[in-house]
Structure formats: structure tokens, C-alpha cells
Amino acid sequence: MKIAILGFGTVGSGVYEIAKTLKNIEVKKVLEKDLSKINIATNNYDEIINDKEVELVVECMGGLHPAYEFIMKAIQNKKSVVSANKAVIAKYLDEFLKTAKENNVEFRFEASVGGGIPCLAGIQKIRRVENIDKFYGIFNGTSNFILDNMYRLENEFFTSLKTAQKLGYAEADPSADIDGYDVTNKVIISFVLAYDGFIKNEFLCFAMKNITKEDILYFKKQGFVAKYIGEATTKGNEYEASVMLNLFPINALEANVLSNYNIVTVQSHTMGEVKFYGQGAGKLPTANAIIQDILDIQAKISFNPISIEKKYTYSSNLFKHKYVIRSNEELKGNFERIDRDGNNFYHYTKEITQADLLKLVEEKDYLVVRLSEY
């Protein structure tokens with residue numbers, strides 16, 4: 001199969017590197033502004049679109065535009081597309097799937113969630129047999145590196161962030177990771193495969209950047225480790241989802257996921273809990289997942305048909321959970337307990353809904369952490 005790669009950065013060059021080792025994949029063109037990077041580079045996308053030998057396009061550009069336009073143009077010209085771009089997929093997946101079906105080609109996106117971890121394929125395989133009760137996990141390696149660095153080395157948040165940036169785990173602008181946009185996108189994409197519905201970015205998301213060294217040390221004394229978790233579950237035609245810090249007991253698997261690693265858990269009736277663990281990003285792990293999608297398309301392998309027919313409504317009153325709210329003053333409310341540690345007050349709620357939680361915090365700059373039930 002002859003393919004083209006859009007973008008020759010970290011992931012694109014990784015796809016090329018692995019493809020060179022395989023006899024049944026040939027990279028014919030690479031869309032790249034810097035033509036000196038590789039001898040098959042072109043800066044004219046029409047060259048790729050008009051090349052009938054190119055059967056599949058790998059989109060490794062990132063961002064919304066022109067990635068959206070390039071993906072749509074490839075599909076409309078009857079070329080299958082594989083992408084790792086969670087931002088564009090989370091926003092336009094319904095359009096991509098519909099257009100791909102109309103043109104009798106494939107749109108695949110395993111690498112968009114969990115990098116090299118085959119968690120989306122795992123969700124599809126479970127769905128062949130039964131419904132999924134819920135999924136949750138550490139979906140973002142940058143946030144996990146920061147929290148792990150704070151816990152083990154007792155560093156401040158921004159010290160840990162700078163270390164992550166120095167090591168290449170965090171971008172110069174880290175907002176997608178520390179404000180929750182990246183995890184939100186991955187929850188939306190995972191939801192499609194788990195529940196056959198395409199939801200929008202309308203559910204609860206608390207940024208992780210409010211957590212401090214003092215918070216980490218306080219939670220450590222209580223026997224907890226903080227992790228940044230995305231999750232979703234459904235009840236009938238309603239769903240609940242969230243992206244926020246969770247507290248895990250020190251012996252929990254999630255509490256012991258170190259550095260930039262990810263872990264995604266899928267829960268169903270007969271399987272119980274299945275956990276997918278590994279590197280959630282990086283050049284070769286992500287490229288490996290893209291190559292796996294290419295090989296599946298070539299071999300006409302589909303683990304479970306993707307459907308977005310079901311309609312779900314977000315509800316902030318669906319389930320009840322316990323939370324911890326940290327502020328620098330004692331809050332009024334019916335709390336189970338309130339601890340004072342230095343200048344901080346830690347308020348432990350009873351089991352309350354997301355709607356009740358939002359009333360308590362009233363969009364103020366408190367730290368909000370969920371007491372994990374897992």
C-alpha cells in the first residue's frame with residue numbers, strides 16, 4: 001500500500017521510520033514546508049490528492065486547521081485516513097465518519113487516545129460482546145509526569161512543569177495538558193467507541209494547575225496520591241463525565257503509575273475491570289499505533305463497527321461522589337469533616353452530585369479533588 005504523510009515532525013517521522021521496515025507499506029509523499037527534510041517531500045497538497053497511487057493519508061499535523069480541510073479532502077477523494085490528532089477528531093469525528101462511509105473508505109484514529117496503548121481497540125473488542133459500564137483513567141502523560149514529580153520529589157507545580165518542558169513532555173504552551181483540554185478530547189473520542197454516541201465538550205472539567213506542593217504533602221499524610229483523571233459513564237440516554245484530580249489510596253494501581261505513563265480502565269459485566277497501561281505519547285509508540293491502523297485497513301480488519309447513532313444528554317445529577325475542596329478560608333456547608341493544614345482548609349463533602357459541587361465552589365479558584373471510588 002502506498003501512503004502519504006502530512007507533517008514530518010515527531011510522529012510523522014516516526015511513522016516513516018517504522019514504515020521503512022515493512023514490505024507492504026511504501027511512503028510515497030510527505031507534505032512538509034521544509035523540502036530539505038526528506039527527498040519525497042512536497043509543499044503542495046494537491047500533488048498528494050491527485051496521485052491515484054496514494055491510497056491512504058496519515059495526518060500528523062495537529063491542530064484544527066488546515067488538518068480538518070486536508071482530512072476531508074482526502075476522504076472525498078476516496079483515500080482512507082489515519083490520524084493521531086485528538087483535537088480535530090474530538091470536534092469533527094461525526095463528519096469524518098459520515099464522509100468516509102459515503103466514499104467507501106476508512107477513517108481510523110487509534111493513536112489519538114493513549115498513544116501506543118491499544119485502548120480504543122480494546123474498547124471495540126469488549127463492545128462486540130457486551131455493553132461498557134464505565135471507563136476512566138490517566139489519559140495524559142504530561143499531567144501525570146508533573147504530579148508524579150511533585151509527589152516523589154516534593155517540588156512545586158511550576159518547577160515540575162518546567163522539568164516536563166525541559167524533557168520534552170510538555171509544550172512551551174502547556175495549557176492543553178494542565179487545563180484539561182487534552183483529556184477532554186480523549187474522553188469524547190473514547191465515548192464514541194464505548195457508547196455509540198458523539199458528545200460535545202459540555203461536561204465537568206477542573207484544571208489541575210491549582211494544586212500546590214502543600215496540597216500534595218497534605219494528601220500524602222492522609223495516604224492519598226493525586227492523579228488527573230478523565231472518565232465517563234451512562235444511564236439510559238443520559239451520561240456523566242468529568243476531567244479532574246482524583247485521590248487514590250497509595251496501594252491503588254493508578255497511584256503507582258509513574259512519570260509520563262498512562263493507564264486506562266474499562267469496566268464491563270463479564271470482563272470486570274480491564275486496564276491498559278503504557279506510554280501514552282512519544283514518537284515511536286504513537287507511530288506504532290498509526291501503523292497498526294494502516295495494516296488493519298489494508299487487511300480489512302474491523303474490531304467493531306463505529307456508530308454515532310445514539311443521542312445522549314449530559315446530566316450533572318446522575319451520580320453522587322465525595323470530593324475535597326481546598327480554600328484559604330473555612331466554607332459554610334454540611335461537610336463530613338474539615339481539616340486545617342497550615343493556611344489551608346480541606347473540606348470533605350458527603351456524597352453529592354456534580355450540580356451540588358458546582359454550587360459549593362461557585363466558580364471560585366478553589367482546588368477541587370474527587371475522592372476516587374476505584
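A charge sits over a ring if NZ of Lys or CZ of Arg is within 6 Å of the ring centre and within 35 degrees of the ring normal. The model shown is predicted.

**View A. Charges over rings.** The charged end of Lys 220 is placed over the ring of Tyr 151, at 4.4 Å from the ring centre. Arg 337 lies over the face of Tyr 348, and here the distance to the ring centre is 3.9 Å.

**View B. A tilted tyrosine pair.** Tyr 239 and Tyr 314 have ring centres 5.6 Å apart and planes at 50°, so the pair is tilted. Tyr 239 belongs to strand 10 and Tyr 314 to strand 13, so the pair ties together parts 75 residues apart in sequence. Tyr 239 is buried, at 0% relative accessible area. Both tyrosines belong to one aromatic cluster, whose members include Phe 135, Phe 191 and Tyr 312.

**View C. A stacked tyrosine pair.** Tyr 261 and Tyr 277 stack at 5.3 Å centre to centre, with 15° between the planes. Strand 11 holds Tyr 261 and strand 12 holds Tyr 277, so the pair links parts 16 residues apart in sequence. Tyr 261 is partly exposed, at 27% relative accessibility.

**View D. The largest pocket.** Its volume is about 1,100 Å³. The lining has 41 residues; Val 11, Lys 86, Glu 171, Asp 182 and Ala 281 lie nearest the centre. Helix 9 gives the largest share, 4 residues. The lining divides into 13 nonpolar, 20 polar and 8 charged residues.

**View E. The second largest pocket.** This one has a volume of about 800 Å³. Among its 35 lining residues, Glu 106, Phe 107, Arg 108, Gln 124 and Ile 306 are the closest to its centre. The lining comprises 16 nonpolar, 9 polar and 10 charged residues.

Conventions:
Residues are numbered from 1 along each chain as its sequence is written. This is a predicted model: local features need pLDDT of at least 70, side-chain atom pairs count only at pLDDT 80 or more; totals for chains, interfaces and linings use all residues. Side-chain values use heavy atoms; hydrogens and water are left out. On a 1 Å grid over the protein atoms alone, a cavity is a set of points where a 1.4 Å probe fits but cannot get out, and a pocket is an open set with protein on both sides within 12 Å along at least five of seven lines; lining residues have an atom within 4 Å of a point. Grid points are joined across faces, edges and corners, and a volume is the space filled by probe spheres set on the points. Helices (H or I, at least four residues) and strands (E, at least two) are DSSP runs, numbered from the N terminus. Ala, Val, Leu, Ile, Met, Phe, Trp, Tyr, Cys and Pro count as nonpolar, Asp, Glu, Lys and Arg as charged, and the others, Gly among them, as polar. Rings of Phe, Tyr and Trp (its six-membered ring) pair if their centres lie within 6.5 Å; planes under 30 degrees apart count as stacked, over 60 as edge-to-face and the rest as tilted. Buried means under 20% relative accessible area, exposed over 50%, partly exposed in between (1.4 Å probe, protein chains only).
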